[in-house]
Amino acid sequence: IVTGFVFLWAFLDKTFGWHYATGSGKGWIDGGSPTKGFLSGVQAGPLQSFFHHIAGQGWTDTLFMLGMLGIGAALISGIALRITAIAGTLMMALMWAAEWPPA
């Protein structure tokens, strides 16, 4: 349940810009991009050019946000936990890959 709240909080913060990781007025509903800042700032790694290419694109933003909402809601409600565990692991692995090399 707590991991579900982590994903759901990230979705809400990036949607509305609640000043945790996303500043006020920079939320998705205000025209901000939830992926542009993070993915365009990738400095190294084998997927650097791929992440730079997809950063800020509409389909990337939509899939990222729907993924966070779906994973968060499913973990909190207990629906399809095996599928959700795989999806959450995949999303976290991709975010880890964007932070290459590990500090």
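Two parts of the structure are said to be in contact when their heavy atoms lie within 4.5 Å. Helices are DSSP runs of H or I with at least four residues, strands are runs of E with at least two, and both are numbered from the N terminus.

Good morning. The model before you is predicted: local features need pLDDT of at least 70, side-chain atom pairs count only at pLDDT 80 or more, and totals for chains, interfaces and linings use all residues. Residues are numbered from 1 along each chain as its sequence is written, and side-chain values use heavy atoms, with hydrogens and water left out.

I begin with helix α4, which covers residues 58-77. From its first C-alpha to its last, α4 reaches 28 Å, close to the 28 Å expected at 1.5 Å a residue; the expected span is 1.5 Å times one less than the number of residues. Which residues of α4 are buried? They are T60, D61, F64, M65, G67, M68, I71, G72 and A74, where buried means under 20% relative accessible area, exposed means over 50%, and partly exposed lies in between, with a 1.4 Å probe and protein chains only. These buried residues pack against α1 (2-16), α2 (36-40), α3 (48-54) and α5 (81-98). An α-helix has 3.6 residues a turn, so residues three or four places apart point the same way. After α4 comes G78, whose phi is positive, near 80°.

Next, consider α5. This helix has 18 residues and reaches 25 Å, close to the 26 Å expected. Its buried residues are T84, G88, M91, A97 and A98, and their cover includes α1, α2, α3 and α4.

An unreviewed UniProt entry lists residues 63-96 as "transmembrane region"; UniProt positions are given in the numbering used here, feature names are shortened, and annotations may be inferred rather than shown by experiment. In the model, this span is 91% helix and 0% strand, and its end C-alpha atoms lie 17 Å apart.

L12 lies in helix α1 and is partly exposed, with a relative accessible area of 24%. Leaving aside residues up to four places away in sequence, L12 touches G17 and W18. The C-alpha atoms of L12 and D61 are separated by 14 Å, although the two are 49 residues apart along the chain.
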